[in-house]
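Me: I am new to reading protein models. Please take me through one, feature by feature.

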Amino acid sequence: MLKAKGLSAGYGRIQVLHGVELELKKGEVVALLGRNGAGKSTLLKTLIGLLPARSGEVLLEDRPITELPAYRRAQLGIGYVPEERRIFPELSVRENLELAARPGGPWTIERVYELFPRLAEIEHRSGGYLSGGEQQMLTLARTLVTNPRLLLLDEPTEGLAPILVKAIAETVAELKAQGMPILLAEQNLAFTAGLADRGYVLETGEVRLKGPMRELVKDPRVKELLAL
């Protein structure tokens, strides 16, 4: 469904990605594993169009989208949940959702409230007064109401307490059960082990290992690359 073919990108004179090959198929969760600085966030930003590719291609259902700006890729159905969250702190939970909502699809504000009951409870609270876990829920809910065809999740468990990590895992599992393709960038191997079908391990912007998740979790080289 979404492919990277020989993808290279970077910032200024610094090359971060080096010929990355990756594929996300319909209905699967794919883990993008690596330590901080391995290139995971850079890859997601290049896939969504926030960072231009220096070489290679990005394809959505075999259609080249490498030259399209980020807003056009979003319109085509790529949902991006950034690590930085980027909610509007002055606006309420509901107002954050209303700004993003795209009518005509299955994901409405009421439906994301069913997925995240906590957001319904605090829908009138300003974004700036939310906890880290609540902000993460809102960021994911805000992306869902755009009615994407696939999701790019960047470090969704970063800085969260274990109970909230469990809640995010349950949410990802529910989305997977509903057929949502998800590319999940994480350095938490335990979090991805029970969710992902396949995985890629990045180091210094290159894919070092890839394969079924059940095999990667048993491969000692993965723990070495993740410094576990």
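This is a predicted model: local features need pLDDT of at least 70, side-chain atom pairs count only at pLDDT 80 or more; totals for chains, interfaces and linings use all residues.

Me: How many helices and strands does the protein have?
Reply: Helices (H or I, at least four residues) and strands (E, at least two) are DSSP runs, numbered from the N terminus. Here there are 10 helices and 10 strands.

Me: What does the radius of gyration say here?
Reply: It is taken over C-alpha atoms, and the globule rule is 2.2 Å times the number of residues to the power 0.38. For 228 residues, a compact globule would come near 17 Å; the protein has 17 Å, so the two agree. Along the principal axes, the C-alpha atoms fill a box of roughly 45 × 35 × 35 Å.

Me: What share of the residues is buried?
Reply: Buried means under 20% relative accessible area, exposed over 50%, and partly exposed in between (1.4 Å probe, protein chains only). Of the 228 residues, 52% count as buried.

Me: Which residues have the most contacts inside the largest nonpolar core?
Reply: In soluble globular proteins, nonpolar side chains tend to be buried together. A nonpolar core is a set of buried Ala, Val, Leu, Ile, Met, Phe, Trp, Tyr and Cys residues joined through side-chain atoms within 4.5 Å. The largest one has 44 residues, and those with the most contacts inside it are Val93, Leu97, Val112, Leu119, Leu144, Leu175 and Ile182. Apart from it lies another core, of 30 residues, including Leu7 and Leu51.

Me: What does Ile182 touch?
Reply: Contact means heavy atoms within 4.5 Å. Not counting residues up to four places away in sequence, Ile182 touches Leu24, Glu28, Val29, Val30, Leu151, Leu153, Val172 and Leu175.

Me: Where is Asn147, and is it buried or exposed?
Reply: Asn147 is in the loop between helix H6 (132-144) and strand S7 (150-154). Its relative accessibility is 15%, so Asn147 counts as buried. Its phi is near 60°, a positive value in a residue other than glycine.

Me: Where does Thr204 lie?
Reply: Thr204 is in the loop between strand S9 (198-203) and strand S10 (206-212). With a relative accessible area of 48%, Thr204 is partly exposed. Its phi, near 45°, is also positive.

Conventions:
Residues are numbered from 1 along each chain as its sequence is written. Side-chain values use heavy atoms; hydrogens and water are left out.
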